[in-house]
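Hi there,

Here is the structure I promised to pass on to you.

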Amino acid sequence: MHAWVTPLLTAVFSLWAGPPDGPVLPAPEHAITVYRYAAATAPCPLDWHTLGGVAAVASNHGQITADESTGPITLDDSGNTSSPILSEALDGQAGRARIDDSEQGALDGDRDFDRAVGPFQFIPATWAQWGLDGNGDGTLDPNNVWDASVSAAALLCDHDVSGDLDGALTAYFGTDEYLAWFHRRADELREPRTMSGA
């Protein structure tokens with residue numbers, strides 16, 4: 001298991017999602033377009049439902065409905081979140097990993113601890129290694145679903161998602177519980193009529 005694994009999603013679930021059986025919003029059509037593109041251009045065979053399932057678990061496809069600090073967050077047609085999506089500080093409290101600030105708050109606005117950022121919840125060190133420009137605008141923004149999706153695809157491919165999907169995703173999520181949640185959300189994308197809340 002790689003150093004980025006445990007903190008990547010450890011803190012994010014207290015941000016919006018609640019328990020893994022909680023409802024999730026349908027993926028916006030433009031987000032699905034992005035997932036399809038990122039999968040088609042990935043450096044390994046990758047199903048777009050995999051990326052969509054990860055984004056559903058990580059951030060409700062960039063749609064945070066109950067963040068007390070910012071209010072609702074939405075994903076616009078360009079793939080930008082209306083406000084940055086930030087996990088709680090990775091300060092070692094309440095079961096969260098401790099990751100001291102690694103980038104002077106440049107990415108997450110926190111000069112004390114790192115926070116997971118964006119629709120795919122990259123921690124700054126992971127983003128520094130894997131961040132890509134998915135929409136060709138010359139910037140690397142983890143709060144843009146184009147950039148985040150192609151970056152997540154590259155990261156998963158490096159961890160052999162094509163040869164061992166569950167192994168790569170267990171590494172991504174860190175627990176079997178969230179791996180099971182991922183499979184439910186990915187299956188809902190394959191069969192939209194069964195999606196909770198649809």
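**Salt bridges and their surroundings**

D47 is partly exposed, with a relative accessibility of 31% (buried means under 20% relative accessible area, exposed over 50%, and partly exposed in between, using a 1.4 Å probe and protein chains only). Please keep in mind that this is a predicted model, where local features need pLDDT of at least 70 and side-chain atom pairs count only at pLDDT 80 or more, while totals for chains, interfaces and linings use all residues. Residues are numbered from 1 along each chain as its sequence is written, and side-chain values use heavy atoms, leaving out hydrogens and water.

Searching the whole structure turned up five salt bridges (a side-chain nitrogen of Lys or Arg within 4 Å of a carboxyl oxygen of Asp or Glu). In one of them, D47 pairs with R190 at 3.2 Å, N to O. D47 sits in the loop between α2 (29-40) and α3 (48-59) and R190 in helix α7 (residues 176-190), so their bridge ties together parts 143 residues apart in sequence. Helices here are DSSP runs (H or I, at least four residues), numbered from the N terminus.

R190, partly exposed at 38%, also bridges to D187, with the closest N and O atoms 3.1 Å apart. D187 and R190 are three residues apart in helix α7, which puts about one helical turn between them. Through shared partners, D47, D187 and R190 form one network.

Another salt bridge joins R115 and D110, whose closest N and O atoms are 2.9 Å apart. Here D110 is buried at 9%, whereas R115 is partly exposed at 24%.

Happy exploring!

Technical notes
Helix = DSSP H or I, 4+ residues; strand = E, 2+ residues; numbered from the N terminus.
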